[in-house]
Amino acid sequence: MPLAVYVLGLAVFAQGTSEFMLSGLLPGIAAGLHVSVPAAGLLTSAFAVGMAVGAPAMSLLARRWPRRRALLGFLSAFVAAHVAGAVTTSYAVLLATRVAAALANAGFWAVALAAAVALVPPDARARATSIVVGGVTVACVAGVPAGALLGGHLGWRSAFWAVALVSLPALAAIARTIPDDRSPATSAAGELRVLASRPLLVTLAMNALFQGATFCTFTYLAPLATHVTGLADAWVPALLALFGLGSFAGVTIGGRIADARPSALIAGGMTALAAGWAALALTAGSPAAAVPLVFVQGMLAFGTGPALIARVLRLAGDAPTLAGGLTTAAFNAGATAGPWLGGLVIGAGLGYRSPAWVSALLMAAALGTAAFALRLRSGSAATPSPTR
């Protein structure tokens, strides 16, 4: 695997840390900027919305840029946004920097996914995608806890400085390892025509449902563990890290399987995830069952997810950067909608098990969407070619 692919994973690690670290910094931000905790929580929402909305726009902007320059530009803007966020005393400015960082992150993701698959032969594309996505799992295991630890001891601004500093080696490495080539020369109208194909749109919908299922339960693992499983608060970080370790194992193993048998991995992984979320809802009261399931679900989610991303990039071969942008948008749409749905069912009085049931239903919907995609493929194969 080329070194450049691992460099992209390093940059994604810094960006993933930034995306998720605010959950442990909200009280300090609220106190430091004299705003309420819910107002500080809007910083997380602003980042997620900026990622979901900005990804297609940023990918259109970058589609004709040389990849190295695009990656350096987006990552430099990401670093600048964190420096500005670290020094500001204004909540409004901090909110603006979160939106700016999200737009830069979205553009980087779109180009990075296209660059990773362009750097490897076709039979290694899923593995390359897994390495890039693996940066997010390492962020969950190490970056987010480290950010919370820094914030607790040195103040929330230190976490912003740390993200900026971790990004600098990635900037230097990208400048040395990423070729300064361009995406295939396709017009914007041509790329949009490629992206209007029904199989591709259905696969993007599967991605959104899949990520919604994952983040619906992950967001509420802490109250599930303490209120239902009966674990002490001190065990919550270990449980979240266990999910992250499972995720890292998943991207490591799944990337190798996906290149050889992508359809089997996607179908089997989604089926197992639907059953696993339902099993977690049923057995959450037992630590002996719930704790191993957290690891297994993390492994299945991040072992299967990159195969879905690789399928999007394969289906949109003539529009790689824009496809990367839409994949990023689908990922973040699911990551936004899943926790929202989980909050709705908890707010309706259905208890802390209910997000796991929502995850099972979302995964069942993803399986239904996969069945529809299979019917589309079968129909296309059965349609006779026109004769002259």
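Me: What does the accessible surface of the chain come to, and how is it worked out?
Reply: About 15700 Å², with 70% of that belonging to carbon and sulfur atoms. The areas come from the Shrake-Rupley method with a 1.4 Å probe, and for residues only the protein chains shown count as cover. Bear in mind that this is a predicted model, where local features need pLDDT of at least 70, side-chain atom pairs count only at pLDDT 80 or more, and totals for chains, interfaces and linings use all residues. Residues are numbered from 1 along each chain as its sequence is written, and side-chain values use heavy atoms, leaving out hydrogens and water.

Me: Why is Pro-339 called buried?
Reply: Buried means under 20% relative accessible area (exposed is over 50%, partly exposed in between; 1.4 Å probe, protein chains only). Pro-339 has 15% relative accessibility, so Pro-339 counts as buried. Pro-339 lies in helix H14, residues 320-347.

Me: Which residues does Pro-339 contact, its neighbours within four places in sequence aside?
Reply: Phe-215, Cys-216, Thr-219, Tyr-220 and Gly-334, where contact means heavy atoms within 4.5 Å.

Me: What makes H1 roughly antiparallel to H7?
Reply: The axes of H1 (residues 3-21) and H7 (residues 156-177) cross at roughly 160° and come within 9 Å. Angles over 145 degrees count as roughly antiparallel (under 35 roughly parallel, 65 to 115 roughly perpendicular, the rest oblique), and that makes H1 roughly antiparallel to H7.

Technical notes
Axes fitted to C-alpha atoms, helices over the stretch in contact; angles between N-to-C directions. Helix = DSSP H or I, 4+ residues; strand = E, 2+ residues; numbered from the N terminus.
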